[in-house]
Amino acid sequence: MLGDILSWIILIVIILIVVGLILWAVGIYNRFQSLKNSSEATLGQIRVAMKKRLDMIDQLLGAVKSYAKFEQETLTKVTAMRASVATAGPGDLNKVEAESRSIFGRLLAVAENYPDLKTSQTVTSLMDSVKSLEDEIARQRYTYNNISQEFNTMMDTIPSKFIGHMTGMPKLEYLQFEEEIKTPPKIEF
């Protein structure tokens, strides 16, 4: 009789331990999914802000080309980048970011060379809007990279590492946009 009760207690303890481990593993998996969804949402916000910036750069190109014969190639690049932003992954966004910053830098240089252009209300307003979007993109990039760091840390630390690898989760890629354009743009007409 005492042996039967002891067997039942041991069985119940084992079942509770197994259920506890399963719930713990599910909790880790759910945290991975939550971080993954947060990173995708933040990446979506970055895409929207980058598209807005490219739209404004396109408008700036329209305002600037009346003062200077700006390259048709630049307009074509902006149009292509705007189309690619919607489906771009982190690596592709890094490339779009570098190229759009370069184009914006060239536009700023054109504005510096044409005093009438600098005083144009439309150009000034658009440049301020682009700069505001730069700040928004930087904030979103910071958020995305923090989420990626937390996710990747979980992928590198035990015991969550085992859950991540068992479910086939890859590490998240960081966004590494340049803080500034390293070389000043060259304007040639």
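Modeller: A residue is called buried when its relative accessible area is under 20%, exposed when that area is over 50%, and partly exposed in between, with a 1.4 Å probe and protein chains only. Please keep in mind that this is a predicted model, in which local features need pLDDT of at least 70 and side-chain atom pairs count only at pLDDT 80 or more, while totals for chains, interfaces and linings use all residues. Residues are numbered from 1 along each chain as its sequence is written, and side-chain values use heavy atoms, with hydrogens and water left out.

Colleague: Is Ser 39 buried or exposed?

Modeller: Ser 39 counts as buried because its relative accessibility is 3%. This serine lies in helix α1, and, not counting residues up to four places away in sequence, Ser 39 touches Tyr 144, Ile 147 and Leu 172, where contact means heavy atoms within 4.5 Å.

Colleague: How are the helices defined, and how many helices and strands does the protein have?

Modeller: Helices (H or I, at least four residues) and strands (E, at least two) are DSSP runs, numbered from the N terminus. By that rule the protein has 6 helices and 0 strands, and its elements run α-α-α-α-α-α from the N terminus on. Of its 189 residues, 35% count as buried, and among contacts with a separation of 6 or more, 79% are between residues 24 or more positions apart.

Colleague: Which residues have the most contacts inside the largest nonpolar core?

Modeller: The general idea is that, in soluble globular proteins, nonpolar side chains tend to be buried together. A nonpolar core is here a set of buried Ala, Val, Leu, Ile, Met, Phe, Trp, Tyr and Cys residues joined through side-chain atoms within 4.5 Å. The largest one has 36 residues, and those with the most contacts inside it are Phe 32, Met 50, Ile 57, Leu 60, Val 78, Leu 93 and Phe 151. Two or more residues of this core come from each of α1, α2 (72–85), α3 (90–113) and α5, with α1 giving the largest share, 12 residues.

Colleague: What is in contact with Glu 134, apart from its neighbours within four places in sequence?

Modeller: Glu 134 is found in helix α5 (residues 121–156), and it counts as buried because its relative accessible area is 12%. With those neighbours left aside, Glu 134 is in contact with Arg 53, Glu 97, Arg 101 and Phe 104. A polar contact is a pair of N or O atoms within 3.5 Å; within protein, one must be able to donate a hydrogen and the other to accept it, and residues adjacent in sequence count only if both atoms are side-chain atoms. The side chains of Glu 134 and Arg 53 make such a contact, at 2.9 Å.

Colleague: How should I read a pocket, and which residues line the largest pocket?

Modeller: On a 1 Å grid over the protein atoms alone, a pocket is an open set of points with protein on both sides within 12 Å along at least five of seven lines, and lining residues have an atom within 4 Å of a point. Grid points are joined across faces, edges and corners, and a volume is the space filled by probe spheres set on the points. Here the largest pocket has a volume of about 150 Å³, and its lining includes Gln 33, Lys 36, Ser 39, Tyr 144 and Leu 172. Helix α1 (2–64) and α5 each supply at least two lining residues, and α1 gives the most, with 5 residues.

Conventions
1 Å grid on protein atoms, 1.4 Å probe; cavity = no way out; pocket = protein on both sides within 12 Å on 5 of 7 lines; lining within 4 Å.
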